[in-house]
Amino acid sequence: MTMTVLPFSSAGSDEPAVAGQLRRRRARAGLTLASPAAVLLLVLLILPSALVILFSLTDYGFGAASWRFIGVDNYAELFADPGVLRALGNTGVYIAVVVPGSVAVGLGAALLIEGRQVLRRFYRVAFFLPVTATLVALATAWEVLLHPGFGLANLLLAAVGQPKLRFLADPDIAMFTLSAIGIWQLAGFNMVLFLSGLASIPRELYDAAAVDGAARGLDRFRLVTWPMLGPTTMFVVVITAIRGLQVFDTVAVLTRGGPDKATEVLLYAIYLEGFRYFRIGYASALTVVFLALATALTLAQTRLMDRKVHYQ
């Protein structure tokens, strides 16, 4: 009887080494795939932000031969500047009016389009048109519509026996006029987002609500539509608030911050300090404050609304 002796296999001892090589290959592949995005992030976001913070600590002026570090003097100056404080207040008023207004109009338009079967595509295009058109191109039309003498808005007011208004020249209403234009501009974009949210709501929920007695439109909206739109609403509010904080084009084209700085917002103040007065250090400090406000506003809204959101 012959006994065959099998040779000893070292495959088991090689498994950790093979697994380690596989992990290293995957790590190298991940770094290779992520490196283009990381380079773009570094060049387009991190380095410019670092330079802005650096310049905010100097007295650098555009074209100046020399400059020096002055620490937080720019920040102390801007928080004591009544013009900056007024620009912050104007920005807050704009956000407070535009965010709820554009969200409500966008949601209403989405519900209107979702409930119609005829001309649905036409209404989508009509409501979305202000988003695709640049406001600079439409500035002339807005100036004509709001002209204190022959503008269509004042002609309509005169037709109903109301006095004519200087929509863009009266300090008491100019900011609210720009806010109304902002609502018109942002409502179409919000409508598209809400239409996407409405399309994701299961139809079975409406059938179940009808069985439970919620057959009317208002009951269906209150019990099904609005709770299920929680994530979409949170996203729309945050995005609209950020875009409201970034308002610049309407101010630059229609009022240029007037009358008497009644419509000067934070981004327009940065533009004036940096590109008209060439105070790059001071404009950089304003930019840092702007970025801090945008971050704080986003985090606060997300944390506040996330507690009330129902995720599907």
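**Notebook: charged and aromatic contacts**

I began with R243, whose charged end sits over the ring of F189, 5.2 Å from the ring centre. I took a charge to sit over a ring if NZ of Lys or CZ of Arg is within 6 Å of the ring centre and within 35 degrees of the ring normal. I note that this is a predicted model, in which local features need pLDDT of at least 70 and side-chain atom pairs count only at pLDDT 80 or more, while totals for chains, interfaces and linings use all residues. Residues are numbered from 1 along each chain as its sequence is written, and side-chain values use heavy atoms, with hydrogens and water left out.

I next looked up R279. Its charged end sits over the ring of Y282, 4.3 Å from the centre. R279 also forms a salt bridge with E273 at 3.6 Å, N to O; the term requires a side-chain nitrogen of Lys or Arg within 4 Å of a carboxyl oxygen of Asp or Glu. I found E77, E273 and R279 linked in a network of salt bridges. R279 is partly exposed at 31% relative accessibility, whereas E273 is buried at 12%. Here buried means under 20% relative accessible area, exposed over 50%, and partly exposed in between (1.4 Å probe, protein chains only).

I counted four salt bridges by this rule. One of them joins R68 and D59 at 3.4 Å, N to O; R68 is exposed at 53% and D59 partly exposed at 36%. In another, the closest N and O atoms of D219 and R222 are 3.6 Å apart. Both residues lie in helix α9 (residues 217-228), three residues apart, about one turn of the helix. Helices (H or I, at least four residues) are DSSP runs, numbered from the N terminus. D219 is buried, at 13% relative accessibility.

I then turned to the aromatic rings and recorded nine aromatic pairs. Rings of Phe, Tyr and Trp (its six-membered ring) pair if their centres lie within 6.5 Å; planes under 30 degrees apart count as stacked, over 60 as edge-to-face and the rest as tilted. F248 lies in the loop between α10 and α11 (249-255) and Y271 in helix α12 (residues 266-276), so the pair ties together parts 23 residues apart in sequence. F248 is partly exposed at 27%, and Y271 is partly exposed at 31%. I also found that F248, Y268, Y271 and F275 form one aromatic cluster.

How values were computed
Helix = DSSP H or I, 4+ residues; strand = E, 2+ residues; numbered from the N terminus.
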